[in-house]
Amino acid sequence: MTDRVGHVIEAWRRLQPDWDLTGMAVFGRLARLQRTIELQRAPVLADAGLTSSDVDLLSALLRSPDGLRPRDLRAHMMVGSGTLTAGLDRLEEAGYLQRRPDPDDRRGRIIFLTDTGRDILVVVVQDLLEVENRLLASSPPEAVHTRAHGRKAIIGDLEQPLPSTPDST
């Protein structure tokens, strides 16, 4: 059975038989998977008035009872300060987080999850898990486990620093 990405790969293979299309096959399928997940998760997030990034941010705060500095959140979320600030402003206005003065830096702030933020996060994550597990329900558990570990290995490889090349300084 050929999926949509497989049809694209076949077309490219006919056009450019010498090309290595492995990356297109792997990342094209990962992109389609991500899009499918996003579409299924969207109603849960919309009902809660949150985005995936909001859930990621609130989850980071839940795992950090001593709070986090904005730079730590930026590193965790891989976003710039403007993007983070806008999200923090919106979530603080909703009552989901609180910025407190940083005792080690007069100009700095430490961000904490509020009880309201914790409550909404728990409900949303439970609902998202139901969606995600429903998406996996048609696959045998062994296959899910094997595929998850394969993706984990690819992600681990991709997150390693790239080796330096003679052109990179």
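**View 1. Strands E1 and E2 pair up in this predicted model**. Here E1 (residues 97-102) runs antiparallel to E2 (residues 105-113), and six bridges join the two. They make a hairpin, with two residues sitting between the strands.

**View 2. Leu 50, a buried residue in a loop**. Leu 50 belongs to the loop that links helix H2 (22-48) with H3. Is Leu 50 buried or exposed? Its relative accessibility comes out at 6%, and since anything under 20% counts as buried, Leu 50 goes down as buried. For a sense of scale, take Ala 86, which is 36 residues from Leu 50 along the chain: their C-alpha atoms are 13 Å apart.

**View 3. Helix H2 against helix H6**. A pair of packed helices is described by two things, the angle between the axes and the distance between them. For H2 and H6 (residues 115-136), the axes cross at roughly 155° and come within 10 Å. Angles over 145 degrees count as roughly antiparallel, so that is how H2 and H6 are placed relative to each other. Their crossing is right-handed. On the H2 side, the contact is made by Ile 37, Gln 40, Arg 41, Val 44, Leu 45 and Ala 48. Facing them from H6 are Ile 120, Val 124, Asp 127, Leu 128, Val 131, Glu 132, Arg 134 and Leu 135. Sorted by class, that gives nine nonpolar residues, four charged and one polar.

**View 4. Helix H3 against helix H4**. This time the helices are H3 (residues 52-62) and H4 (residues 70-77), with axes 11 Å apart and a packing angle of about 125°. That angle makes the two helices oblique to each other. The H3 and H4 crossing is right-handed. H3 brings Ser 53, Asp 56, Leu 57, Ala 60 and Leu 61 to the contact, while H4 brings Leu 73, His 76 and Met 77. What classes of residue make up the contact of H3 with H4? Five are nonpolar, two are polar and one is charged.

Technical notes
Residues numbered from 1 in each chain as written. Predicted model: local features only at pLDDT ≥ 70, side-chain atom pairs only at ≥ 80, totals over all residues. Heavy atoms only, no water. Axes fitted to C-alpha atoms, helices over the stretch in contact; angles between N-to-C directions. Helix = DSSP H or I, 4+ residues; strand = E, 2+ residues; numbered from the N terminus. Parallel < 35°, antiparallel > 145°, perpendicular 65-115°, else oblique. Left-handed = near helix turned anticlockwise from the far one by under 90°. Contact = heavy atoms within 4.5 Å. Nonpolar A, V, L, I, M, F, W, Y, C, P; charged D, E, K, R; others polar. Pairing = 2+ DSSP bridges. Buried < 20%, exposed > 50% of the residue type's maximum accessible area, 1.4 Å probe, protein only.
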